[in-house]
Amino acid sequence: MILYNSRYRGEYRGVKKSRIVTLTTDFGLSDPFVGMMKGVIANINPSVNIIDITHEIESHQIFEGAFVLFQSYKFFPSGTIHIAVVDPGVGGNRNKLIIKTNNYTFVVPDNGIASFIIDKEDVEIFEIYNRKYFLPEVSNTFHGRDIFAPVGAFLSKGIKPESIGEKTDKFNTISMPRVEIDKKRGIATVIYIDKFGNLITNIKNDLLDNIKAIYVNKGIINRVSIAYEDGSPGELLTIPGSLNFVEISMNQDNTAKKMKVKSGDRIYFDLK
């Protein structure tokens, strides 16, 4: 089945095309959903390079998707189009957005998944409305395939956001939890847990020099390490992480499971 034909060719003349489209979802890889999205994109733009950031965002966890997208997007070449779909409100009243920065374009549901990018970048935001750039039949349960994938694909062929949506200054955002400090005592939050069970906190790396001890449930860490191998197997470590946030880790062990910690849990620390 050919979903789109030559009626669009005239719209591509003289426009700049993107060579890369990325995908970030909570779909996992056991179902065909990611493959369907890629098929839609390739059908519209066979020359585009589709790169997976991840499809293992925890189901429905918009904050986790926002954090991963924010940490990842800037490692791609200018002109990359990022499609991010963590969308528990699919089929409901939430809007659909194109967000354009100086170097990147994002295609996302309006649920806060692009919040940290909006906070950091100068942006133009468009509410997607032109069904011409959707699949011919749109399901209420799979906008990733039927709306976001084709919109991203058409953008990669040079269609302007103005042709697909209308400028808006109304959008939903979520916030990064704040580190709370009262005199010499602090409270932080575990904002992400990676595949290895490392706890990424909302403590910025540059605060580490002022921290005397960190408490994770009944565990205490009173020194800073520079590598996972610094401790003996199973020993709790504090490490300045590659995402610019402090990690709590274990040498060759899963900190989250061992310490019974989940994303969103609080940890405590003492200042020097």
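Visitor: Where does E127 sit?

Guide: E127 is in strand β6, residues 124-128. Strands here are DSSP runs of E with at least two residues, helices are runs of H or I with at least four, and both are numbered from the N terminus. Before we go on: this is a predicted model, where local features need pLDDT of at least 70, side-chain atom pairs count only at pLDDT 80 or more, and totals for chains, interfaces and linings use all residues. Residues are numbered from 1 along each chain as its sequence is written, and side-chain values use heavy atoms, with hydrogens and water left out.

Visitor: Good to know. What does E127 touch, beyond its neighbours within four places in sequence?

Guide: E127 is in contact (heavy atoms within 4.5 Å) with N95, K96, L97, I164, G165, E166 and T168. E127 itself is partly exposed, at 30% relative accessibility. The cut-offs are under 20% relative accessible area for buried, over 50% for exposed and partly exposed in between, using a 1.4 Å probe and protein chains only.

Visitor: Switching topic: is strand β5 buried or exposed?

Guide: Buried: 5 of the 5 residues of β5 (residues 105-109) are, so the strand is largely enclosed by the rest of the structure. T105, V107 and P109 point one way, F106 and V108 the other. In a regular strand the side chains alternate between the two faces of the sheet.

Visitor: Which strands pair with β5?

Guide: Strand β3 (residues 81-85) pairs with β5 in the parallel sense over 3 bridges, with H82 opposite F106. Strand β4 (residues 96-100) runs antiparallel to β5, joined by 5 bridges, and L97 has V108 as its bridge partner. A pairing takes at least two DSSP bridges between the strands.

Visitor: And what joins β4 to β5?

Guide: A hairpin, through 4 residues.

Visitor: OK, rings. How many aromatic pairs does the structure hold?

Guide: There are 11. Rings of Phe, Tyr and Trp (its six-membered ring) pair if their centres lie within 6.5 Å; planes under 30 degrees apart are stacked, over 60 edge-to-face, and the rest tilted. One of the pairs is F67 with F245, tilted, at 5.8 Å centre to centre and 55° between the planes. F67 lies in helix α2 (residues 62-72) and F245 in strand β14 (residues 245-250), so the pair ties together parts 178 residues apart in sequence. F67 and F245 are buried.

Visitor: What about F70 and F116?

Guide: That pair is edge-to-face, 6.1 Å centre to centre with 75° between the planes. F70 is in α2 and F116 in helix α3 (residues 115-120), so parts 46 residues apart in sequence are tied together. Ring pairs also link F63, F70, Y73, Y104, F106 and F116 into a cluster.
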